[in-house]
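The report that follows is written for someone meeting this protein for the first time. Please look over the sequence and the model before reading on.

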Amino acid sequence: MPTSPRILVIGDSYMSAEVFADALDGRVDDVELRTMTPTDAPSWSLDALREYEGDPAEVDAFIDGHEVLVVHGAPITRRVLEQNPSVRMIGCARGGPVNIDLDAAAELGVTVATTPGKNAEAVADLTIGFIITAFRNLRPALQDVDAAAAEGRVIAESAFEGARWFGSELRGARLGLIGLGHVARLVAARALALGMTVTAYDPFVADAVEGVTLAPSLEALLPEIDVLSIHARATAENRHLVGEAQLGLLPEGAVLVNTARESLVDETALLAALRSGRLRAAAMDVCEPDGPWRELVALPQVQLTPHIGGATFETLARGARMVVDRVVEHLEHTEERAS
């Protein structure tokens, strides 16, 4: 066990300091726990950051000679790092540390460790859940039960009621994946176990996964599938990767699922495809804040959740363990260099 420098753990409303503390217990000593105070009016500039919680001035006040910061959503700005040269490592329990000024960290020689894939199992589960819900018309069926309760109607008096909600089974359905990274591979494994066939398009992957066929292009993939599930990383170049033209290539009655990033789908084109009946259903864990999500969610065949893909207790624990592993590696390496 290395002699531990002072470690500051900063929790937030999503991932508490106690989750990190549980993972650190017995592995690292000399840990201080703090929690960010949510605010809508940070007192310092946050131009380079996204998806953070709290004020960087509060982070600055927390740091008192600590060498290692362990965070989830605390904002770590250039000013924080410049004013606290004792910080040599930041462990961030996110796949993409958008709450950290990575350019500043690199310039100042601060190591940033992340937790890629920590939520992959949870997102894969949600993706399959979305597909099942769409295929079995669960959302309108559940809405009908809610309406019956409010109106004093009786339900389930007869099996004949089920005739209103005929759906489809997954076995034999054709799943298409955009992207074949960690999450998509877990989705593919689950889909194959359910009897679906799986084809993927990923220009950065040369070798197919067992049971998965690689399509040579997006245009070749889309006409041959019943479900399109998006698992690509968002870049400036692939904004609205799936738009009117791509939706038009899908077979009539197809289902679209997006558990990746909101910028990947042209939601105005998606709304038109759903209203026209070309698409059977859509399910999204993300949406463009200034897009037509209110019109989309008004459609009974649309499922929209508030970015809950990684919101499981297991994901939190896994992320904390991954960060702690990296922190321990850093401390051991530091000790070796000092000896």
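## Terms and basis

A residue is called buried when its relative accessible area is under 20%, exposed when it is over 50%, and partly exposed in between, with a 1.4 Å probe and protein chains only. The model is a predicted one, in which local features need pLDDT of at least 70 and side-chain atom pairs count only at pLDDT 80 or more, while totals for chains, interfaces and linings use all residues. Residues are numbered from 1 along each chain as its sequence is written, and side-chain values use heavy atoms, with hydrogens and water left out.

## Overall build

The protein contains 12 helices and 12 strands, where helices (H or I, at least four residues) and strands (E, at least two) are DSSP runs numbered from the N terminus. Its C-alpha atoms fill a box of roughly 75 × 55 × 35 Å along the principal axes, and 47% of the 339 residues count as buried.

A contact here means heavy atoms within 4.5 Å. Among contacts between residues at least 6 apart in sequence, 61% join residues at least 24 apart. The protein exposes about 16600 Å², of which carbon and sulfur atoms supply 51%; this area comes from the Shrake-Rupley method with a 1.4 Å probe, and for residues only the protein chains shown count as cover.

## Nonpolar cores

A nonpolar core is a set of buried Ala, Val, Leu, Ile, Met, Phe, Trp, Tyr and Cys residues joined through side-chain atoms within 4.5 Å. The largest one has 30 residues, and those with the most contacts inside it are I131, L175, L177, M196 and V227. At least two residues come from each of α5 (120-135), β6 (174-178), α7 (182-193), β7 (197-201), β10 (254-258) and β11 (279-284), with α5 giving the most, nine residues.

Leaving aside neighbours within four places in sequence, M196 is in contact with I131, L170, G172, A173, L175, A191 and V227. Apart from this core lies another, of 29 residues, among them Y201, L218, A269 and L296.

## Salt bridges

A salt bridge is a side-chain nitrogen of Lys or Arg within 4 Å of a carboxyl oxygen of Asp or Glu, and by this rule the count comes to 16. In one of them, E51 pairs with R94, their closest N and O atoms being 2.9 Å apart. This pair links distant parts of the chain, since E51 sits in the loop between β2 (31-35) and α2 (56-62) and R94 in the loop between β4 (89-92) and α4 (102-107), 43 residues apart. E51 is partly exposed because its relative accessible area is 38%, whereas R94 counts as buried because its value is 12%.

R153 forms a salt bridge with E151, with the closest N and O atoms 2.8 Å apart. R153 is partly exposed at 36%, while E151, at 55%, counts as exposed. Elsewhere, salt bridges that share partners join R6, E32, R34 and D64 into one network, and within it the side chains of E32 and R34 meet at 3.0 Å, N to O.

## Trp293 and the cysteines

W293 is found in helix α11 (residues 293-297) and counts as partly exposed at 26% relative accessibility. Leaving aside its neighbours within four places in sequence, W293 is in contact with C287, E288 and L304.

A search of the whole structure finds zero disulfides, a disulfide being a pair of cysteine sulfur atoms within 2.5 Å. C92 counts as buried at 0% relative accessibility, whereas C287 is partly exposed at 22%.
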